[in-house]
Amino acid sequence: MAVRGWFTVRVDLVSGAGLHFAPQPGRIFLVGPSHTFLDLATAIDLGFARWDLSHLHEFRFPDGRCFGIPDEEDPDVVDYDAVRVASQVKRGDRFTYIFDFGANWEHHCQVLASNLDPLEVLGHVPQQPTPIWGWGWIPDQYGRRSYGAEA
């Protein structure tokens, strides 16, 4: 039985932590009809190798709509863990995802394809949005350039 209603979102990392990327690293995510903006935010953060997920973040649309955690103290924040991405986007739509307002990791997002069957694309139905393609160098979340113990 076919499972339809899935779509892909291309996410390009434009800038962050004072860096501007050229070429821009990116990922393509397979997103399902029941996935929320919280699900997509988590998938993007993990897809771009972030491990400290405690930072404020937000999806911003050209028409002024926003979904995320822009201010923990704001009672008017949209409950983005209940808003399904599929209810807010269609093929061709563009929007921005900002992670960590201090480092200001800016991602440009575009809905590429719609009405996909995850069984055909991925071979199974994932529980969360899933990266299915990626490219480019992913910078460390805190700008570190070396890893491991210091001598």
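Biologist: How many disulfides does the structure hold?

Modeller: A disulfide is a covalent bond between the sulfur atoms of two cysteines. The criterion is a pair of cysteine sulfur atoms within 2.5 Å, and the structure holds zero disulfides. This is a predicted model, in which local features need pLDDT of at least 70 and side-chain atom pairs count only at pLDDT 80 or more, while totals for chains, interfaces and linings use all residues. Residues are numbered from 1 along each chain as its sequence is written, and side-chain values use heavy atoms, with hydrogens and water left out.

Biologist: Is Cys109 buried or exposed?

Modeller: The classes are buried (under 20% relative accessible area), exposed (over 50%) and partly exposed (in between), computed with a 1.4 Å probe and protein chains only. Cys109 has 3% relative accessibility and counts as buried, whereas Cys66 is partly exposed at 31%. Of the 151 residues of the protein, 44% count as buried.

Biologist: Which elements does the protein have, and in what order do they run?

Modeller: Helices (H or I, at least four residues) and strands (E, at least two) are DSSP runs, numbered from the N terminus. The protein has two helices and eight strands. Their order from the N terminus is β-β-β-α-β-β-β-β-α-β. As for contacts (heavy atoms within 4.5 Å), those with a separation of 6 or more are 64% between residues 24 or more positions apart.

Biologist: How many aromatic pairs does a search of the whole structure find?

Modeller: Rings of Phe, Tyr and Trp (its six-membered ring) pair if their centres lie within 6.5 Å; planes under 30 degrees apart count as stacked, over 60 as edge-to-face and the rest as tilted. The search finds ten such pairs. In one of them, the ring centres of Phe37 and Phe61 are 6.1 Å apart and the planes stand at 90°, so the pair is edge-to-face. Phe37 belongs to helix α1 (residues 37-47) and Phe61 to the loop between β4 (57-60) and β5 (66-69), so parts 24 residues apart in sequence are tied together. Phe37 is buried at 0% relative accessible area, and Phe61 counts as buried at 7%.

Biologist: Why is the pair of Phe59 and Phe95 tilted?

Modeller: The planes of Phe59 and Phe95 meet at 55°, with ring centres 6.0 Å apart, so this pair is classed as tilted. Phe59 is in strand β4 and Phe95 in strand β6 (residues 94-99), so the pair ties together parts 36 residues apart in sequence. Both Phe59 and Phe95 are buried. One aromatic cluster is formed by Phe37, Phe59, Phe61, Phe67, Phe95 and Tyr97.

Biologist: How many salt bridges does the structure hold?

Modeller: Side chains of opposite charge can pair when their charged atoms come close. The criterion is a side-chain nitrogen of Lys or Arg within 4 Å of a carboxyl oxygen of Asp or Glu. The structure holds five salt bridges. Among them, Asp12 pairs with Arg10, with the closest N and O atoms 2.8 Å apart; Asp12 is buried at 11% relative accessible area, while Arg10 is partly exposed at 32%. Another joins Lys90 to Asp93, where the closest N and O atoms are 3.1 Å apart. Lys90 is exposed at 56%, but Asp93 counts as buried at 17%.
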